[in-house]
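Here is a short tour of a protein model, written for someone who likes to check geometry against coordinates. Please keep the viewer open as you read.

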Amino acid sequence: MTSPRRVVVALGGNAMTGPDGSATPGAQRAAIAVAAGHVADVVATGAEVVVTHGNGPQVGNLLVKNELAAHEVPPVPLDWNVAQTQGTIGFTVVDELDAALAARGLTQRTAALVTRTLVDADDPGFGEPTKPVGRFLPRERAQQFVDLGQTWEDRGEKGWRRVVASPEPRSVLDSPAVRALAGAGFVVVCAGGGGIPVVDDGQDGAALRGVEAVIDKDLTAALMAAELDADTLVIATDVDAVMVDFGTPDARPLGRVTAAELQAQAEAGQFARGSMGPKVDAALRFATSGPGRRAVITSLEHIADAVAGDSVGTVVTA
């Protein structure tokens, strides 16, 4: 196959932290440097590249800081946390990516864009928060934040944990800016953590405001890739391919599949909602969003191969 014209690469949380899950600044920078090398290899294929990323550990750390400092400074809302982590991760990624591109003799430069994602104010997710964030706390500590209007759930022996809304992404509001930067030759880092969730209290963006929510990053990546008219969406994770019959003697990886075949596997309950389910959903959405589009789910180490051909990962086409 020929190199795609435009590629969206969605980096998983494993690309943002150390091998043991450490989220110290040093561990994050080291992990991001490795990821940047693989992204630079994608750029070397000749494609325009847009990068998005997770931010779960980083938002979790900020929430802990909110908790510990609540008696000194007012806690900031979740949309602010997403914005702050977009900035911190974004500048770290572009620093490491600039270095990786230069090491390969590539002339492209990078840009990080703080990015908003529109959701519906009446999305059912706001009425039933389900996305766990932050750390576990004893009931007495959790009650302090329940009194501030937050929703916490008893998670058994580990303690209580905050849950927030996870609404459907409707539009990546800053896609036109991403398109302009990519068209000008920049490798764009954007929509981190699924984007900053905002609702519109007016019409056509006239009254935007942030809301307390977390948007699934892979669903946002699929939506943004479609809005950018990308040819390929690569979802990087910690396994080489999607597995069916996982955990059984019949476990096997999926290679090239049609959207209909993968959808049938999903409807049969093959993919857990808390792990591979959202990635499969995102791949299906993008692959069926327009003609000639393909989505690949594979490990970070294979993302350049995933762009160059169909020999690695789970490749989904319409």
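Predicted model: local features only at pLDDT ≥ 70, side-chain atom pairs only at ≥ 80, totals over all residues.

A44 sits in the loop that links α1 to β2. Its C-alpha lies 8.5 Å from that of L101, although 57 residues separate A44 and L101 in sequence.

**The sheet and its helices**

The model has an open sheet of 8 strands with mixed pairing, in the order β3-β9-β2-β1-β12-β16-β17-β15. From one strand to the next, the twist averages 20 degrees. Helix α1 (residues 25–43) packs on this sheet, where it touches β1 (6–11), β2 (48–53) and β9 (186–190). The direction of α1 makes about 155 degrees with that of β2. Helix α3 (residues 78–103) lies across β2, β3 and β9, and runs at about 175 degrees to β3.

Further along the sheet order, β16 (residues 294–299) and β17 (residues 314–317) run antiparallel and are joined by 4 bridges. Within these strands, I297 stands opposite T314 of β17.

**Aromatic rings**

How are the rings of F145 and W152 arranged? Their centres are 5.9 Å apart and their planes meet at 25 degrees; because planes under 30 degrees apart count as stacked, this pair is stacked. The count of aromatic pairs comes to 1. F145 and W152 are both buried. Another ring, that of F136, has R161 over its face, at 5.2 Å from the ring centre.

Most residues other than glycine have a negative phi. The table gives two residues to look at with that in mind.

| Residue | Phi |
|---|---|
| A191 | near 55 degrees |
| D229 | about 55 degrees |

Is A191 buried or exposed? With a relative accessible area of 0%, A191 is buried. D229 has 37% relative accessibility and therefore counts as partly exposed.

Definitions and conventions:
Residues numbered from 1 in each chain as written. Heavy atoms only, no water. Pairing = 2+ DSSP bridges. Helix = DSSP H or I, 4+ residues; strand = E, 2+ residues; numbered from the N terminus. Axes fitted to C-alpha atoms, helices over the stretch in contact; angles between N-to-C directions. Contact = heavy atoms within 4.5 Å. Phe/Tyr/Trp six-rings, centres within 6.5 Å; stacked < 30°, edge-to-face > 60°. Buried < 20%, exposed > 50% of the residue type's maximum accessible area, 1.4 Å probe, protein only. Lys NZ or Arg CZ within 6 Å of the ring centre and 35° of its normal.
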